[in-house]
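Let's take a friendly walk through this fold. Have the sequence and the coordinates open side by side as you read.

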Amino acid sequence: MRLSKGQTSWMALKIDLEKAFDKLRWDFISSALSDAGFPPGLHRSWEALLSNLAWTLGNGESVNFFSDIWVPALGPLSDYSQILASTMSQISFASVLNEHGEWDVAKLSEVFTVNAVPYILGIKPPDTQSGPDMCVWRWTDHHDFVLKSAYYKCSQPILEMSDPLWKHIWSLQVPQRIHCFLWITCRQKLMTNLEHCKRQLTDDPHCPLCHREVESILHTLRDCVYLRQYWRRIVPQALLNTFFSSSVQGWFCLNIDGAVSLNSDKATIGGLLRDNAGNFVFGYSKFIGCVNSLHAELWSLYIGLQLAWDYGIDYLQVQTDCKQILQLLSASNVESSPISLVRSIRKFWHRAWFINLTWTPRFGNIASDKLARLANCSSFELSFFSLPPLVLGDILSSDALVVTL
Ligand SMILES: [Zn+2]
C-alpha cells in the first residue's frame, strides 16, 4: 500500500469471524478500531462480543483448552485451574481423555476445582469424527442468537415441508383431504382411542368395534377383525401374509428423559427399551454432570441410541417428551447444528437401521423419568438394568399403553 506523506492510510479487512475466530489477536482489532477513531463503545464491544461466544467441540483442534470458552456455563477454564500457570501448557484435550476417548475424571479432578469438573463432564468430549469445532452464541441452549431462534421458530412449517415423507405424500394424485389424512397418520397424530387415552379424554383405549384390542393407529387402519375382510378383497392373495405380518414386529421403543436438579445444575438421565408388546428389554441411568435440561435430554438420547445399536435393534421408535429435541433433529441444518451432541446423534440416522423419533406426553414417559432420578450423583458410571428395577413398579404397564404401536 502506498503511503502519502503526512497522511494515515488504512486498509479494509473483511473477516469471516467463524473461520478467523482463533487466528486473530482481538486486542489488535480493538486498538485498531480505537486508532481509527471509531467510538470507544464500538471497539470495547469486541471484548463483550468475545465473552458472549463459545465453542462447541468437534475435533478440538481450534480450541485453546484454558483460554477459550467451551464450557458455556463456566467461561475460560483458566479461572478454575488449580495447577501452576507454568504447567498449564502441558494440559490439552488429549491429556484429560482416557483410551476410550472419554473424560478422565481423575485427571480432570487434579487440574480443576471440584465445582468445575461436573460442568466439563457435561460436555461431549472432542473426537476426530465430529468435524471442526464451531464458534457459537453462548447464552442460549440452542447456541443460536435469539433473533435467529425466532426466525427458526417462524419457519418451522416451511422446514417441515422439506421432509421427504411429506414430499412423497404431497406427490400422490389424491384429494387434498387424503393428503392431510396420510400426513396426520404418518405423524402418529390420528385420534384413536389410544391417543384419547393418552390425553386423558377417556379411560378405555380399546377398539369400539371389536372391543378386543387397544385401538392403535395400526389396529384402526388394518388389524381390526372388521377391517381385515376388506383388505383381503384388495390385497393380492400372494401378498396377504406379508401385508398382515410386516408390521411393527421387530420394532422396539426407546423412551428417554433427563432431570436437572433445581438447586444445582446436576443432571441425570434415564431411559428404557421395550419391545412392541411393551415388555421391558433394558433400562439405564447415569449422572451426566452439570448441564441444562436440553443437554440432559440429548445425552439420554445419545446414550440410549448407543445401547440400542449395540443391542442389535433394526427398527427403533424413540419417544421423548422434549419438543426441542424434535425441532433440533428435524431442522434442515441438523448436520451442521451448533450443538455437537445433535450432530453426533444425527449420525445414528445414517446407520443401517430405521429410527423414528416422536413426542410423547410426560405421563407416557414416567418410567424413563423414574430411571433418571435413580442415578447416583456420586458416580459417573452408567447403571444398566437388564431387569426392571423395583422403582418402576406398575409404571411399566401404564406406560406400555402409550408405547403400543
Ligand atoms: Zn377393533
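Which residue in strand 6 does Cys253 stand opposite? Cys253 faces Gln317 there. Before going on, please note that this is a predicted model, in which local features need pLDDT of at least 70, side-chain atom pairs count only at pLDDT 80 or more, and totals for chains, interfaces and linings use all residues. Residues are numbered from 1 along each chain as its sequence is written.

**The chain as a whole**

The protein chain has 18 helices and eight strands; these are DSSP runs numbered from the N terminus, with helices (H or I) of at least four residues and strands (E) of at least two. Of its 405 residues, 28% count as buried, where buried means 20 or more other C-beta atoms within 10 Å of the residue's own, exposed means 12 or fewer, and partly exposed lies in between, with C-beta atoms placed from the backbone. Taking contacts between residues at least 6 apart in sequence, 64% join residues at least 24 apart; a contact means that the two C-beta atoms, placed from the backbone, lie within 7 Å.

Six strands make up an open sheet of mixed pairing, in the order 7-6-3-4-5-8. Strand 7 (354-359) and strand 8 (383-385) are at the edges with a single partner strand each, so one side of each has no neighbour in the sheet. From one strand to the next, the twist averages 20°.

Strand 3 (residues 251-260) has nine of its 10 residues buried. Its two pairings are set out below; strands count as paired if DSSP finds at least two bridges between them.

| Partner of strand 3 | Sense | Bridges |
|---|---|---|
| Strand 6 (residues 315-320) | parallel | five bridges |
| Strand 4 (residues 266-275) | antiparallel | nine bridges |

On the strand 6 side, Phe252 has Leu316 as its bridge partner. On the strand 4 side, Ile256 is bridged to Gly271, and a hairpin of five residues links strand 3 to strand 4.

On the helix 14 side, His295, Leu298, Trp299, Leu301, Tyr302 and Leu305 meet Leu341, Val342, Ser344 and Ile345 of helix 16. By class, this contact has eight nonpolar, two polar and no charged residues; Ala, Val, Leu, Ile, Met, Phe, Trp, Tyr, Cys and Pro count as nonpolar, Asp, Glu, Lys and Arg as charged, and the others, Gly among them, as polar.

In helix 16 (residues 340-347), Ser340, Leu341, Val342, Arg343 and Ile345 are buried. These buried residues pack against strand 1, helix 14 and helix 15 (323-330).

**A buried loop residue**

Leu77 sits in the loop between strand 1 (53-56) and helix 4 (105-111). Why does Leu77 count as buried? Leu77 is buried because 24 other C-beta atoms lie within 10 Å. Leaving aside residues up to four places away in sequence, Leu77 touches Phe65, Phe66, Val71, Phe112 and Ala116. Ile120 is 43 residues from Leu77 along the chain, and their C-alpha atoms are separated by 9.3 Å.

Technical notes:
Axes fitted to C-alpha atoms, helices over the stretch in contact; angles between N-to-C directions.
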